[in-house]
Structure formats: structure tokens, C-alpha cells
Amino acid sequence: MRADDVVDCHVLVIGSGGAGVRAAIEAARYGDTLLVSKTIAGKGGCTTMAEGGYNAVLRQEDSYDIHYDDTLRGGAYLNDPELVKILVQEAPQRINDLIHWGAVFDFTNECEIAQRPFGGQRFPRTCYAGDRTGHEMMMTLMERFDTSGATKMEEIAVIDLLKQDDSVIGAVALNENGEMVIITADSTILATGGGARVYDISTNSSSGTGDGFAMGYRAGAELIDMEMVQFHPTGAVYPYDARGRLITEAVRGEGGILKNILGERFMEKYDPVRKELSTRDVVSRAIATEIANGRGTPHGGVFLDVTHLPKEQIETRLPVMLEQFLTFGVDIRTNAMEVAPTAHHIMGGLKITSKCETTVPGLFACGETAGGVQGANRLGGNALAETQVFGKRAGEFAGQERNRVKKINPAQASNVQKCIDTFFSGCENPARVRKELQCAMWQGAGIFRDETGLRRALATSERLLQAPLKAVGPSGPAECFTIRNMCLTSVLICRSALIRPESRGADMRVDLLQDWEAEHSPFGHTYISREREGIIRHGATS
């Protein structure tokens, strides 16, 4: 490995979604900052696909305390209280940053930021830009990034973190030609997003493959609550290629009604008070139950109906949904949509402090890659806020890390090269392995779980993790590393689910009985690392 094979920087940010770009903007104030993206920066990831909105307390009748309480209730009291307090208090400041930088949110006639109701919240506090909120945020962030002094490397697949003793000092990546790139850094931020692509039906972009979870785990970091996978209640069910595509919660926020094949507004049975605006875990289980009991549509979904709303409201506040369904041959102004649950968000992730530090020196995490903020179930609108609040914090505190001498262990690069050589001599089709994994996770670690199904999904994930993958072409090795990361993320989800002896939030166990509510649960976070795994009991610290 020659000296000119190495790129050095002060802060390395891995991932170019909302959290990663915000982190890079902030870190650039402290020194040379490099953003590395598996896709075109600002185009991949889930932030740009997010439609619904951004939660922030902006009205006198709302308050930080109410947003804090709503988030804890929605998260089944598994959230880290300190992180939630930071989220609710700093979200208004970060949306003001976006507006100051040029983001165009919807405003009321009184020149106030418009806010719509979302599930599990007592006040309309979800700010929005029609149903293109995430796209508007990313365009604004990328414009700001371009003037921040940070640099970027695009279509580069980071495949592992570099270690010096117990600290992370950068990463190993592959470029579009399959050539190895070594990047050293005084501090490294994982902002690679989530990993719901390990499921057969998912809202995530193609990059939602759990890379940050897997790389952090291999580097020795501790992860918490990886069993907590949110299934968004409303994903498209047809045509086949569109399965799982997000049907934003904004549809229900604007007044959309869920009905079964009998025309019944069934949410009145499952949550008579909040109905369609109950928390996502409740609505997803309700829809899955209706379908399982034979009251679903021929395509295996239920109806989401907005035909009672004024056409102008649909056209101005839900333009993406209108356009999307028109391509499917459905005019949502006159016909109901068909929807069903889809894997959406992983609430767990790398354990972080309020400074976004992980348990490994030199390694930070933010956005969906980090755990603790959302607890056992995320409220819609809290994710976009989290990207900005903790992206800013990660960049700030990583930027304040001291400069240090980084000594690369040649054996790490050598081991990566050996792995690449192994892929070229492998025999398993990565696409087949990916599909088998996704189906096993959907069947065994989905909305409703039991020990038998989880153990079956775990066994499949562990077996596929060892599969002799076959790389084809320059991009083949990167694809094989991604499949390995998906398999490892699936293992972490299943092992964590088997550790938790209760039903809570998104982790619904049908084979367990319990006599306590979430607020009074004797259990806290699950934790898992290369060194240990377990669950916090009776308020004990880890």
C-alpha cells in the first residue's frame, strides 16, 4: 500500500442523506471534512424520499414537554430520555437553519410555518413542503454543502472501518472500478441510514442495507434495540414492482380513512380515539390483522380513502401521491388506494452519547444509524428532525476531536484484498442470496413474531453470512460486501429480538404473555456487541 493510495482528512462522514450532509456542513467549520457516498450525494438514501414532514414545536399551545411526552409514549418508553430532550428542544432551531438557507416549507395565511397532524401526537406539529419535504430538505442541504468547504467522493462504497488499537482512524472503500481507497481521519461519522432492505417489502432506497450497523459492530461498537423495526402501515401493494413504496402518513394526516373490503372503518376497533392517527405500530398491526382475517383486498391490502376530501386539497398537499397513483392507473381523487404494511425504519442502532459518540473512540453516529432516540416505535415526523438535530451535533463534536497521528495496519488492507479475491472465486449468486435473506426476514422477523420464526430467520441469516458469494465485474466485490452487511444486520435484529422477553412497541411477540404496560416494563435496552449481549433489567445500567 503506497502513500498516494491514502486520502487523509480531519473528519470523515460516511453517508450522504440528511444526517450525513448536515454533519459534514457542521464539521467543515473545524477542518478538512470529506463526505463519502455510495450513491450520488443528495440523490440516494431515504431522506430525499421522505414525504410527510419534520416535527418541531412552533406554536404557543404546543410545548417541548408535550412533544417529549408524545415521543416517549410513542416509543413505548424505551427511548433515551436525554436524547429525546435534545431532539425536541433543538428541532425548532434546526428547521430555522433550513429556512435561513433557503428551504421552502408550506406557510399559512398568517405567514407561519404550516403544520399538519401526524399519528401519536396531540398537536399538529409536523412541518411540511407538500409531500416532498425530504426532497426540499436535501436540495437545500446540498446547496449549503457546496459552500461549506467540505469535499465529497461519490459512488464510493465504504466496506469497513480502519482501526488503530481500540480507536477508529478512517475507512477502507472501493471506487467504481473496484479499486481500493484508504481514507484516514481524526474522527469518523457513520451516517449510512437504516437497513430495512433486509426485508422483502420495504420503503427504503437500494442503499438501506444496514452498512453502518454491520461496520460498527465489526469495529467493536455496541448496538442497542436492534429488534425494534418499524413497519410503516401504508405501502403500495401493486403493481408488483411498486410493492412497499411509501404512501406517506401525510395522507392520513390530511384526513385519509382506512377501510377493509367490507367498507368498514376498522381503526375504530383498534384505537377508538386516535383511529388512523394512532401510532404506526398499532396501525400496522391492525391492517395486518384485517388482511389475515380475510377482510383484505384482492391484492392483499386494505383501502386508504381520500375521495371525501376536496380535490384542491389533494392536488396541493398530496401532489406526489396523486402523481404516483396516476401512473398506476388510479386517480386518488375519485378512487381509494390499496395499501399494506412495509418495512420502513430501524429504531435501534449504534449506542451514542449526547455528543453522538459511540462506544469506540474516534467513531460517531447519527441519523437512523444511531439508536436510542426513537425507542420502540418512531413517531412520523421525528426522523427528519433527528437527521438535522443529531447530524449537526455529530459534525460539531467530531470536528472538535484533536488531530492525531494515524498508523495504518497493512494487514487490514491485505485482509480486504483477500476477501475480494475470495469473492471472485465464489459460486453463489448475490441476487439469490439477497432474495432468500429478505424472504426469511419477512416471514420470521416481521410484524408478528415468535421464537420459532425468529430462530429460523436467524439460522438462515447466519448461513447466508458464510455463503461463498460470486463477484462479477468491477462493482461485484462492493455488491458482495453489501450482501454480507445485510446478512449481519439481520443476525443482529434476530439475536436482539430473541434477547427481549416481552412484547413492546414494534417488537410484537405472539408467543409471550405479560402483565405490565410499557411504561412499567422491567426491561430496558437490549445491547449487543462482539464482546457481550443482553438486556438491561430493573433500571440497571449497562
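Modeller: With the surroundings of helix H10 (residues 319-327), whose buried residues pack against helix H6 (250-253), helix H9 (311-317) and strand E14. Contact here means heavy atoms within 4.5 Å. The model is predicted: local features need pLDDT of at least 70 and side-chain atom pairs count only at pLDDT 80 or more, while totals for chains, interfaces and linings use all residues. Residues are numbered from 1 along each chain as its sequence is written, and side-chain values use heavy atoms, leaving out hydrogens and water.

Biologist: Which residues of H10 are called buried, and on what grounds?

Modeller: Pro319, Val320, Met321, Leu322, Gln324 and Phe325. Buried means under 20% relative accessible area (exposed is over 50%, partly exposed in between; 1.4 Å probe, protein chains only), so each of these six falls under 20%. Just after H10, Gly329 has a positive phi of about 85 degrees.

Biologist: Why are E11 and E12 called edge strands?

Modeller: The open sheet has the order E11-E14-E13-E12, with antiparallel pairing. Strand E11 (229-236) and strand E12 (257-259) each pair on one side only. Neighbouring strands of this sheet are turned by 45 degrees against each other on average, direction ignored. Helix H8 (280-292) lies across E11, E12, strand E13 (302-305) and E14, at about 60 degrees to E11. Such angles run from 0 to 180 degrees between N-to-C directions of lines fitted to C-alpha atoms, for helices over the stretch in contact.

Biologist: Why is strand E9 described as mostly covered?

Modeller: Ten of the eleven residues of E9 (180-190) are buried. Strand E1 (6-14) pairs with E9 in the parallel sense over eight bridges, with Leu12 opposite Thr188. Strand E8 (167-174) pairs with E9 in the antiparallel sense over five bridges; these two strands form a hairpin with five residues between them, and Gly178 in the turn has a positive phi of about 80 degrees. Three bridges also join E9 to strand E16 (363-365) in parallel.

Biologist: What makes the largest pocket a pocket, and how much space lies in it?

Modeller: On a 1 Å grid over the protein atoms alone, a pocket is an open set of points with protein on both sides within 12 Å along at least five of seven lines, whereas a cavity is a set where a 1.4 Å probe fits but cannot get out; lining residues have an atom within 4 Å of a point. The largest pocket holds about 550 Å³ of space. Of its 22 lining residues, the closest to its centre are Arg73, Ala76, Arg274, Asp281 and Ala518. Helix H2 (64-74) and H8 are the elements giving two or more residues to this lining. Ala76, which follows H2, has a positive phi near 55 degrees.

Notes. Pairing = 2+ DSSP bridges. Helix = DSSP H or I, 4+ residues; strand = E, 2+ residues; numbered from the N terminus. Points joined across faces, edges and corners; volume = space filled by probe spheres on them.
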